[in-house]
Amino acid sequence: MSTHTHANGRKRGIRGLLARIRDSQFLSELASNRLAIVGLLIIATIAGLAIYARVFIGGLPPLTDGQYEAITLSNLSGNSDMAEAPPSLRYPFGLDGQARSIFPRVMYGAWLALKWGTVTVGASTVLGVGLGILAAYYGDIVDNVIMRTMDVLLAFPSLLLALALVAIFGTGLQNAVIALVLVYTPRFARVVRGAALKVMEDEYIDATVALGATDFRVLVRHVIPNCLAPVTVQSTLNFGLAIIDLAALSFLGFGAEAGTPSWGWMLSNGVEYGLHSAWWWAFFPGLFLALTVLGFNLLGDGMRDALDPRMRDAID
Amino acid sequence: MDRTPRLRSNGPLWSWIRDRVRLVGSAALGGGVLAVLGVVVLLLVTPSGLAVVSTQAFSLGALCFGFGLLGWSGSVLAGSSVENAQRYLDTGTNWSEDDSRRAMARIGGFGFGGMVGVIAVSSILWV
Amino acid sequence: MASKWFVVKRLLLLVPVLLGVATLVFAVLHISPGDPARVMAGQRASQEQVEMVRQEIGLSDPIWVQYGRFLADTAQLKLGESYVLRPNQSVASILKNSIPTTIELAVYGQLIGILLGLPLGVISAIKQDSITDHITRIGALTGISVPIFWSGPIVIILFSVTLGIFPTNGRIAQQYFLSDTWLFFGHELPRTGLITLDTLLLARYDAFVSAVRHLVLPASVIGFYSMALISRMMRSSMLEVVRQDYIRTARAKGQGERITFLKHGLKNAFIPVITVIGIQFGTLLGGAVLTETVFGIEGIGMILVDAIDVGDYPVVQGTVLVFALLFTLVNLGVDITYSYLDPRIQQ
């Protein structure tokens with residue numbers, strides 16, 4: 001396995017990348033993991049629903065969340081008795097008390113969850129990769145200061161740290177995302193640093209440096225490509241957590257604005273007003289939230305098991 | 001078993017103290033110099049008064065100091081747990097309590113130096 | 001073994017931890033661009049109130065004087081007053097009532113998690129790759145994936161609203177709860193604040209039953225989540241231990257499989273799990289924030305959320321300090337347990 005990485009480390013460009021994918025032990029091992037496939041299917045379904053909701057319910061020109069609200073209004077809005085109708089053929093998940101059909105709202109919630117999850121995980125990945133590689137490449141004091149700071153941040157429980165940050169920055173979806181990016185960055189920095197250190201132990205890096213490659217070139221051509229696999233696994237594992245934490249912040253009232261069809265907010269609405277009268281308000285958004293997270297956890301778990309053992313160590 | 005430093009001139013205690021003072025002291029010196037320069041420069045460059053500048057600079061130092069302190073005690077407190085959890089659970093990131101404590105002592109010392117620096121330069125300029 | 005010196009040393013660590021947290025809280029308040037007096041008094045406070053706060057915390061003094069005064073006050077547990085959430089009530093008194101509530105919830109939740117999670121993990125490891133193992137593992141993954149703020153409402157709808165077995169919210173039935181000060185049939189409740197313990201100490205068994213019935217659902221929700229984590233960890237740790245030499249040796253010597261497992265495996269497998277239980281306690285507190293919100297329990301988690309919501313800075317500050325204190329104490333406990341269990345650790 002380790003010679004494998006060496007051989008591919010030298011290949012360049014898109015062709016090299018394709019060759020890597022074709023004879024990747026990682027992918028073939030992943031494909032034989034049934035649970036991971038189930039996870040992948042769940043994610044694909046949710047993503048399909050999300051895109052469907054965004055394109056066909058939301059309409060292609062970008063809608064604000066407020067405009068979206070008008071579209072899901074059923075024509076029962078005048079009839080206050082019917083405004084919170086239970087699930088039926090016409091409204092599969094029922095109405096939400098303001099005569100809005102919950103089914104399309106939940107589907108649109110999938111879009112919001114995946115979108116903000118991607119923003120959160122994407123930003124923390126970029127930040128984490130940057131910091132982790134700086135730490136690994138420059139070592140010594142840079143390494144110590146960066147990584148120890150990351151360690152302290154890691155020691156804080158994620159939701160409590162996010163809450164503290166929200167208390168400082170103020171509430172709102174953007175601030176919630178910023179808070180979560182700060183919370184998640186250390187996890188990526190740690191994985192990347194570990195992976196990068198292992199890559200740099202390889203002799204061919206020394207050889208490249210001896211041949212006169214610049215720091216930047218070595219990083220971009222050799223170190224970063226070899227960190228991709230563990231980073232992808234870490235992103236998958238944390239995607240589910242990020243979606244839960246975002247929903248939790250919205251649930252507590254510090255994330256998505258009231259009325260937006262985000263799962264967290266719909267749940268909070270259901271718990272606050274519908275617990276005794278309308279079980280479907282909280283049930284369906286939460287069900288989709290749990291399913292999505294389960295999908296990412298199943299896939300992430302399978303990916304971790306399929307990972308090169310040398311890299312697996314860096315992920316917890 | 002007992003790691004208490006013993007009092008003997010030139011014995012383990014002195015080198016024990018010297019190492020730590022050097023570690024924290026150099027960082028504190030850096031923080032102090034930076035704070036003095038920072039306050040003076042900010043006073044010259046920005047229109048803000050001394051009270052505002054010293055508040056900001058002092059808080060920044062306090063931020064580092066608090067973070068370092070928390071990190072240092074956290075490392076000591078959870079050090080053996082984390083090291084052992086890693087030994088058993090395969091999350092080898094060669095984290096060590098020692099490294100972590102040292103880094104945190106530096107950050108904390110830097111912040112403390114900054115706070116002292118702000119107090120010094122501001123009290124001189126206050127009148 | 002944990003010597004007395006070790007315990008004292010660890011307790012002394014509380015000083016830098018709390019000093020660190022207090023300093024951070026102070027720094028953040030003064031570094032943020034807003035007017036600290038305005039932040040303290042809350043966004044909705046009138047100009048006079050803000051001026052009053054400014055006088056009270058002496059904002060015109062040099063910053064280091066304020067810092068010193070803040071530390072001195074905090075050390076004497078003078079955490080200030082709530083300006084918005086519960087006007088004119090001291091932060092210390094608000095927290096005094098809510099800390100035991102959260103502790104009680106967390107302890108029972110963690111107990112359920114440990115009592116269910118450990119055996120499940122062990123069974124899963126013994127019967128590796130059997131159907132039981134697969135079900136346990138998938139169950140554990142599902143448990144981690146289900147957010148507390150969904151499983152909470154579901155069990156409320158199921159067991160309280162539909163079946164009517166358990167109450168929906170609060171800590172104890174209304175007739176036992178007289179006021180904020182926990183006046184119990186005219187006795188003030190001076191004891192622990194842990195309601196299951198206090199009712200027993202007062203020998204009020206009807207009240208005790210009521211308290212337990214209120215605790216079942218929230219504690220189970222927390223327990224289910226932590227069970228999932230613990231069983232996963234126990235399984236992997238147990239498998240690791242089993243692969244080690246001394247178990248093979250024991251097996252070769254002809255001891256029965258079961259005895260081998262129990263005698264050698266369990267204790268060694270438990271050691272790493274307990275450290276992780278300590279580290280994971282923070283997650284549990286985070287879970288408590290959500291559980292308290294769902295079940296309407298007035299613990300520090302709910303106080304924190306409410307305080308952030310209305311912008312009551314002194315309360316947020318006090319709650320953060322308390323969270324740090326709890327976290328430190330739990331890890332101290334874990335450390336001590338750990339050194340008893342693992343003779344290799346010489347403190």
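Helices are DSSP runs of at least four residues, numbered from the N terminus. The model described here is predicted.

By that definition, B:Val45 falls in helix H1 of chain B. B:Val45 is exposed because its relative accessible area is 64%, and exposed means over 50%. The residue belongs to a nonpolar surface patch of about 650 Å². Two elements of chain B each give two or more residues to the patch: helix H1 (12-45) and helix H3 (97-125). H1(B) gives the most, with five residues.

The largest nonpolar core has 142 residues. Within this core, the residues with the most contacts are A:Leu163, A:Trp263 and C:Phe149. Helix H13 of chain A, residues 279-306, gives the most to the core, with 14 residues. Chain C also takes part: domain 1 (18-91) and domain 2 (101-341) each supply at least three residues. Another core, of 17 residues, lies apart from the largest one. Among its members are A:Ala136, A:Val199, A:Val223 and A:Cys227.

Residues up to four places away in sequence are not counted here.

Conventions:
Residues numbered from 1 in each chain as written. Chains lettered and ligands numbered in written order. Predicted model: local features only at pLDDT ≥ 70, side-chain atom pairs only at ≥ 80, totals over all residues. Heavy atoms only, no water. Patch = residues over 30% accessible without salt bridge, like charges linked within 9 Å, V, L, I, M, F, W, Y side chains within 5 Å. Areas by Shrake-Rupley, 256 points an atom, 1.4 Å probe, with all protein chains shown as cover. Salt bridge = Lys/Arg side-chain N within 4 Å of Asp/Glu carboxyl O. Buried < 20%, exposed > 50% of the residue type's maximum accessible area, 1.4 Å probe, protein only. Core = buried A, V, L, I, M, F, W, Y, C linked by side-chain atoms within 4.5 Å. Domains from an automatic or database assignment. Contact = heavy atoms within 4.5 Å.
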